[in-house]
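User: Hello! I am new to this structure and would like to learn how to read it step by step. Could you guide me?

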Amino acid sequence: MERRRIGAAALEVGAIGLGCMPMSWAYSASEQDGESSLRAVHAALDRGVSLLDTADMYGPFTNELLLGRVLKERRADAFVSTKCGLLVGDQHIVANGRPGYVRRACDASLRRLQTDTIDLYQLHRADPEVPVEETWGAMAELVSAGKVRSLGLCAMGARADRRAGAAIHEATLRQLDRVQQVFPVSSVQAELSVWSPEALEGLLPWCEARGVGFLAAMPLGNGYLTGTLTTGGGFEPEDVRARHPRFTAEMMAANQPIVAGLRRVAQRHGAATPAQVALAWLLAQSPLVVPVPGTKKERWAAENAAAADLLLTAEDLREIAALPPARGSWD
């Protein structure tokens, strides 16, 4: 698989990553199975995927424990990316960016992951009660201590900014400029896909100007762009899509032209799938982009990895660019 660089430290990863959150949290709890998830991770690593993206809040904690079972055997094959800064309560999620907490969280993640070093440590969300420079400084100390190799920042969601009426990612760009003065940012993670292209306008140019890697979260539109979801089929109560403004029956039907367009492009490439076209589109946006599709199934992990070999033509890219914008209940 093609290798891509993450940040000024020139750390290399496979062009496609693996988002591990669905294995333990937020998606179809009845389908979560540890052994099946382990097979998915191994399938990805076998095909050149190296970046494994997790967080201490996924589960919470169980996702890192799951990956630790793989890393105990295959640490050399993996680029370990985890996150800190969010605490999960019974009915809420809160930010904690206090330096002491950051240090304890890192040590706990190292234990769960069964590794001595985290390749990429990401700030999940900035704590509004703590200057982001203080949180980032504590994370930088972890690099100096040899516990972490590089630092990344997760962007605030574009949908949150949209609801607040602010320019999309405006707050994240301000945070990035502030923390960059403390210690180099190696990566930015944010939602980016055919149906959520907002990051192309501000975040990706910021990264390109500084050689910072861009981890494309939710690159398959929470599964919608795979073309495998049934319109109006419903989701389990704890599935994040049950409350997602683009996953009402009405909006899923309204956005079908996007999937149809990806399917048309896929048909021109033989056995390609809409999901692979969506991932290849991301790879074509910039050599700094690393899509991180999430899955808990071996089949999809293998299919996603194969997208690295799909080269879209200029005609393909023009057709995708002409697809209608996605609609949601906020529209």
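Analyst: Gladly! Let us begin with a definition: helices (H or I, at least four residues) and strands (E, at least two) are DSSP runs, numbered from the N terminus. This is a predicted model, where local features need pLDDT of at least 70 and side-chain atom pairs count only at pLDDT 80 or more, while totals for chains, interfaces and linings use all residues. Residues are numbered from 1 along each chain as its sequence is written, and side-chain values use heavy atoms, with hydrogens and water left out.

User: Which residue follows H1, and what is its phi near?

Analyst: Glycine 48 follows H1, and its phi is positive, near 95°. As for the helix itself, the expected span is 1.5 Å times one less than the number of residues. H1 (residues 34–46) has 13 residues and should span 18 Å, which agrees with its end C-alpha atoms being 18 Å apart.

User: Which residues of H1 are buried, and what do they pack against?

Analyst: Buried means under 20% relative accessible area, exposed over 50%, and partly exposed in between (1.4 Å probe, protein chains only). In H1, the buried residues include Ser36, Leu38, Val41 and Leu45. The buried residues of H1 pack against E3, E4, H2 and helix H11 (298–306); contact here means heavy atoms within 4.5 Å.

User: How should I read the sheet, and what is its strand order?

Analyst: Strands of a sheet pair through backbone hydrogen bonds, either parallel or antiparallel. Two strands pair if DSSP finds at least two bridges between them. Here, 8 strands form an open sheet with parallel pairing, in the order E3-E4-E5-E8-E9-E10-E11-E12. Its edge strands, E3 (18–19) and E12 (289–292), each pair on one side only. Within the sheet, E9 (residues 151–154) and E10 (residues 187–191) run parallel and are joined by 3 bridges; glycine 152 has serine 187 in E10 as its bridge partner.

User: Where is threonine 54, and is it buried or exposed?

Analyst: Threonine 54 lies in the loop between strand E4 (51–53) and helix H2 (62–74). Threonine 54 counts as buried because its relative accessibility is 0%. Leaving out residues up to four places away in sequence, threonine 54 touches Asn63, Glu64, Leu67, Ser81, Thr82, Lys83 and Leu113. A polar contact is a pair of N or O atoms within 3.5 Å; within protein, one must be able to donate a hydrogen and the other to accept it, and residues adjacent in sequence count only if both atoms are side-chain atoms. The side chains of threonine 54 and asparagine 63 make such a contact (2.6 Å).

User: How many salt bridges are there?

Analyst: Side chains of opposite charge can pair when their charged atoms come close. A salt bridge is a side-chain nitrogen of Lys or Arg within 4 Å of a carboxyl oxygen of Asp or Glu. By this rule the count is 18. One of them joins arginine 112 and glutamate 64 (2.7 Å, N to O). That pair links distant parts of the chain, with arginine 112 in helix H3 (residues 99–113) and glutamate 64 in helix H2, 48 residues apart. Arginine 112 is buried, at 15% relative accessible area, and glutamate 64 is buried too, at 0%.

User: Which residues does one salt-bridge network join?

Analyst: Glutamate 319 forms a salt bridge with arginine 264, their closest N and O atoms being 3.1 Å apart. Salt bridges that share partners join Arg264, Arg268, Asp316 and Glu319 into one network.
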